Amino acid sequence: MSLFNIFDIAGTGMSAQSLRLNTTASNLANADSVSSSVNEVYRARQPVFSAVLDEAQEGYKKGSVQVHGVTESQAPVRTEYNPTHPLANEDGYVFHSNVDPITEMANMMSASRSYQNNVEIANTSKQLLLRTLQLGR
């Protein structure tokens with residue numbers, strides 16, 4: 001088993017959390033967007049991850065984090081009757097995105113902390129490997 005697998009795991013974890021942070025930032029940027037059609041309004045997006053355990057060389061397992069894609073929320077959008085709004089449809093309704101800013105802020109804090117944890121794992125592993133190499137001196 002290679003001692004460097006931990007860097008692969010931490011690296012894919014950082015990549016996944018980076019995508020999560022970018023998706024959350026996009027959701028927050030579009031939280032107040034409106035549209036004249038329920039089909040065109042912005043809907044919150046969330047990335048989908050999974051832990052992968054592959055069979056590596058010599059029967060050892062190799063782990064990583066895999067991104068399966070980004071899904072769109074199926075939560076209902078908020079409808080507002082405002083016939084004076086420039087984007088109101090012929091019935092006078094405006095459709096708001098289904099992004100919940102409080103949920104997105106909590107998601108951003110969680111993703112940021114997960115990213116920081118992966119950085120700490122990589123740094124600690126690097127220090128342990130360097131100290132192991134110094135044992136032979």
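Is Val41 buried or exposed? Val41 counts as buried, at 7% relative accessibility. Buried means under 20% relative accessible area, exposed means over 50%, and partly exposed lies in between (1.4 Å probe, protein chains only).

The model is predicted: local features need pLDDT of at least 70, side-chain atom pairs count only at pLDDT 80 or more, and totals for chains, interfaces and linings use all residues. Residues are numbered from 1 along each chain as its sequence is written, and side-chain values use heavy atoms, with hydrogens and water left out.

The protein contains 2 helices and 5 strands. Helices (H or I, at least four residues) and strands (E, at least two) are DSSP runs, numbered from the N terminus. Their order along the sequence is α-β-β-β-β-β-α. The protein is more spread out than a compact globule, because its radius of gyration is 22 Å, well over the 14 Å that the globule rule gives for 137 residues. That radius is taken over C-alpha atoms, and the rule is 2.2 Å times the number of residues to the power 0.38. The C-alpha trace spans about 80 × 30 × 15 Å along its principal axes. Buried residues make up 27% of the 137 residues. The accessible surface comes to about 9200 Å², and carbon and sulfur atoms hold 54% of it. Accessible areas come from the Shrake-Rupley method with a 1.4 Å probe; for residues, only the protein chains shown count as cover. Of the contacts with a separation of 6 or more, 61% join residues 24 or more positions apart. Contact means heavy atoms within 4.5 Å.

Three strands were examined as a sheet. The sheet is open, with 3 strands in the order S1-S5-S4 and antiparallel pairing. Strand S1 (34–35) and strand S4 (78–81) stand at the edges with a single partner strand each, so one side of each is left without a neighbour in the sheet. Two strands pair if DSSP finds at least two bridges between them. S1 pairs with strand S5 (residues 93–96) over 2 bridges, in the antiparallel sense. Ser35 has Phe95 in S5 as its bridge partner.

Val41 lies in the loop between S1 and S2. Its contacts, not counting residues up to four places away in sequence, are Ser33, Ser35, Val77, Phe95, His96 and Ser97. Val41 and Val70 are 29 residues apart in sequence, and their C-alpha atoms are 17 Å apart in space.

Val70 is touched by Thr23, as are Arg45, Gln46 and Pro47, not counting residues up to four places away in sequence. Thr23 is found in helix H1 (residues 5–29). Thr23 counts as buried, at 10% relative accessibility.

The salt-bridge count is 1 (a side-chain nitrogen of Lys or Arg within 4 Å of a carboxyl oxygen of Asp or Glu). Arg45 and Glu72 form the salt bridge, with their closest N and O atoms 3.2 Å apart. The pair links distant parts of the chain: Arg45 is in strand S2 (residues 45–55) and Glu72 in strand S3 (residues 61–72), 27 residues apart. Arg45 is partly exposed, with a relative accessible area of 28%. Glu72 is also partly exposed, at 39%.

Ile6, Ile9 and Ile121 make a nonpolar surface patch of about 200 Å². Patches are made of residues with over 30% relative accessible area and no salt bridge; like charges are joined within 9 Å, and nonpolar side chains (Val, Leu, Ile, Met, Phe, Trp, Tyr) within 5 Å. Ile121 lies in helix H2 (residues 101–134). Ile121 counts as partly exposed, at 38% relative accessibility.
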